Amino acid sequence: MLYRRLIPKIVVERAISKTSPEFHSILTRAYEPHRIVGDPLSQIRIQQSNLVDEIVLVNRCRSEFDSAFSELVLQACEILNTPITVGGAITKSSHAEMLFRSGADKVIIGRNRHDLKLLESIATNHGVQALVISVDYSEYDLAIGLEAFLERELSMGYMSFAGEICLNNISRDGGGVGADLGIVDIIHGETRIPIVVGCGISTVNQIAECFRVGCDGVTLSTFLSQTDQSIKQIRSHLSALGVHIRTRN
Amino acid sequence: MIHIVDSPSSNAKAVYYAYKDLGVACRIVTNLAQLTGAKKIVIPGVGAFGALSQFLNDSNFVNPLRELADEGTKFLGICLGMQILGVSSDESSGARGLRLLEVSSNRFPEDELRVPHTGWDQVSICASHQLLEGLNHEFSAYFSHSYCVPVDHKLTLAITNYGIAFTSIIAKGNIVGVQFHPERSQDSGRKILSNFADW
């Protein structure tokens with residue numbers, strides 16, 4: 001039986017440097033930069049020492065794919081012995097290939113999830129299991145009603161190419177009010193693809209609730225920079241709450 | 001020296017860095033000439049069966065790899081790399097594997113399970129092998145796949161249950177394969193990579 005996954009999500013942004021391309025990791029609120037929190041590679045080292053189940057590394061670039069990010073992925077893979085999923089303005093299959101060649105295990109497509117040619121190309125060359133579709137939505141998107149929103153999403157056709165669906169209610173990002181689980185139940189009824197949920201988590205009980213409604217994994221960002229518990233402690237806590245979670249390798 | 005066969009879809013770098021971290025000499029192989037004299041070959045994962053099969057054919061890797069296997073070179077296939085050691089896969093009908101193992105990969109029964117099988121799952125050892133030395137009888141490893149090799153008691157070294165029991169480690173003579181990603185499976189994974197280097 002698969003263990004439920006705890007997945008630190010490290011969001012990075014290109015730092016302005018005259019000498020070399022550098023990235024710093026940031027915390028976001030509603031997907032907007034909120035605070036710089038340090039060096040992504042040292043954060044990856046810390047999370048790895050806590051035996052996390054997987055790491056998500058996302059480049060928050062609004063405009064276009066930044067090939068310097070693949071260099072950061074390469075540096076991350078040099079030190080990682082845990083799975084890494086990466087994303088950030090992938091608009092061409094060559095972008096995905098660049099990231100896989102840097103050592104990534106999975107890539108995330110968010111805004112371009114409507115581009116079925118892109119998805120088909122990645123799935124054909126790298127396998128469906130290597131493609132994560134990130135559905136990033138806000139309360140504004142939900143104003144049309146949950147069912148209408150989901151109908152709009154499903155009609156895009158990306159489910160056929162997705163190896164995993166990551167659901168992020170942007171309005172909850174950094175807010176600590178818990179993940180949006182209303183959508184998870186309905187998605188479960190529509191697909192057998194693994195589901196990961198993120199945005200808004202600030203307590204271990206909220207994580208446990210995500211797993212109780214059937215999520216396969218939970219991404220954690222702001223929570224990990226604000227809690228006094230390490231991933232190891234969170235894992236023990238979840239195990240005590242009856243969650244099927246890995247407590248050792 | 002470990003020779004890691006590169007392909008456009010694979011995460012060969014991840015395996016390379018894992019061996020580098022272990023202090024084991026390794027190189028990424030991008031052409032046939034670099035395979036000369038290879039005694040240990042790793043075929044990494046990530047990809048699709050059809051695309052990898054086509055790449056191996058187009059790059060003329062198939063016959064040299066089969067000849068090296070006949071000569072006793074040890075092979076480790078990882079995830080898709082394990083499946084390509086077999087004959088065929090439901091993933092890409094008509095595509096041929098390296099046919100070093102008489103197995104084929106089947107799709108998980110989707111109506112009952114979440115597919116792909118993604119994440120950490122239990123590996124249960126059911127036969128002894130040098131590749132498994134120093135590992136607990138049961139350990140967890142990271143999987144990411146939609147197709148699997150059925151259990152074959154002559155070949156299966158370890159089993160994982162995901163709705164059905166499937167082969168998570170396979171061996172025949174000088175050929176071994178793991179369905180999970182040892183390069184991403186922390187201490188247990190590193191132990192397997194290290195054991196392959198020492199085999």
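In chain B, nine strands form an open sheet with mixed pairing and the order 2-1-3-4-12-11-10-7-8. Its edge strands, each pairing on one side only, are strand 2 (26-29) and strand 8 (138-145) of chain B. From one strand to the next, the twist averages 30°. The model is predicted: local features need pLDDT of at least 70, and side-chain atom pairs count only at pLDDT 80 or more, whereas totals for chains, interfaces and linings use all residues. Residues are numbered from 1 along each chain as its sequence is written, with chains lettered from A and ligands numbered from 1 in the order in which they are written. Helices (H or I, at least four residues) and strands (E, at least two) are DSSP runs numbered from the N terminus, and two strands pair if DSSP finds at least two bridges between them.

Helix 5 (residues 186-198) of chain B lies across strand 1 (2-5), strand 3 (40-43), strand 4 (74-78), strand 8 and strand 12 (175-178) of chain B, and runs at about 90° to strand 8. Such angles run from 0 to 180 degrees between N-to-C directions, with axes being lines fitted to C-alpha atoms, for helices over the stretch in contact. Contact between two residues requires that their C-beta atoms, placed from the backbone, lie within 7 Å.

Chain B also has an open sheet of three strands, with mixed pairing and the order 5-6-9. Strand 5 (88-89) and strand 9 (147-148) of chain B are its edge strands, each pairing on one side only. Two bridges in the antiparallel sense connect strand 6 (residues 104-107) of chain B with strand 9 of chain B; R107(B) has Y147(B) of strand 9 as its bridge partner.

In chain A, strand 4 (residues 55-59) is mostly covered, with five of its five residues buried. A residue counts as buried if 20 or more other C-beta atoms lie within 10 Å of its own, as exposed if 12 or fewer do, and as partly exposed in between, with C-beta atoms placed from the backbone. I55(A), L57(A) and N59(A) point one way from strand 4, V56(A) and V58(A) point the other way, and all are buried. Strand 4 of chain A pairs with strand 1 (residues 5-15) of chain A in the parallel sense over four bridges, N59(A) being the bridge partner of V12(A). Strand 4 of chain A is also joined by four bridges to strand 5 (residues 84-87) of chain A, again running parallel, and L57(A) has V86(A) as its bridge partner there.

Strand 3 (residues 32-38) of chain A is hardly covered, the count of buried residues among its seven residues being zero. This strand runs antiparallel to strand 2 (residues 22-29) of chain A, to which five bridges join it; I36(A) of strand 3 is the bridge partner of I26(A). The two strands form a hairpin with two residues between them, and A30(A) in the turn has a positive phi of about 50°.

The axes of helix 6 (residues 146-155) and helix 7 (residues 182-190) of chain A come within 11 Å and cross at roughly 45°. The two helices are therefore oblique to each other, where angles under 35 degrees count as roughly parallel, over 145 as roughly antiparallel, 65 to 115 as roughly perpendicular and the rest as oblique. L146(A), L150(A) and L154(A) in helix 6 meet G182(A), I183(A), I186(A) and E190(A) in helix 7.

Between the chains, 34 residues of chain A are in contact with 37 residues of chain B. Helix 2 (67-79), helix 3 (93-101) and helix 4 (116-126) of chain A each supply at least two residues of the side that touches chain B. The axes of helix 2 of chain A and helix 1 of chain B come within 8 Å and cross at roughly 40°, so helix 2 of chain A is oblique to helix 1 of chain B. In this contact, L74(A), C77(A) and E78(A) meet K13(B), A14(B) and Y17(B). Helix 1 (residues 12-22) of chain B is mostly covered, with eight of its 11 residues buried, among them K13(B), A14(B) and Y17(B). Just after helix 1 of chain B, G23(B) takes a positive phi of about 80°.
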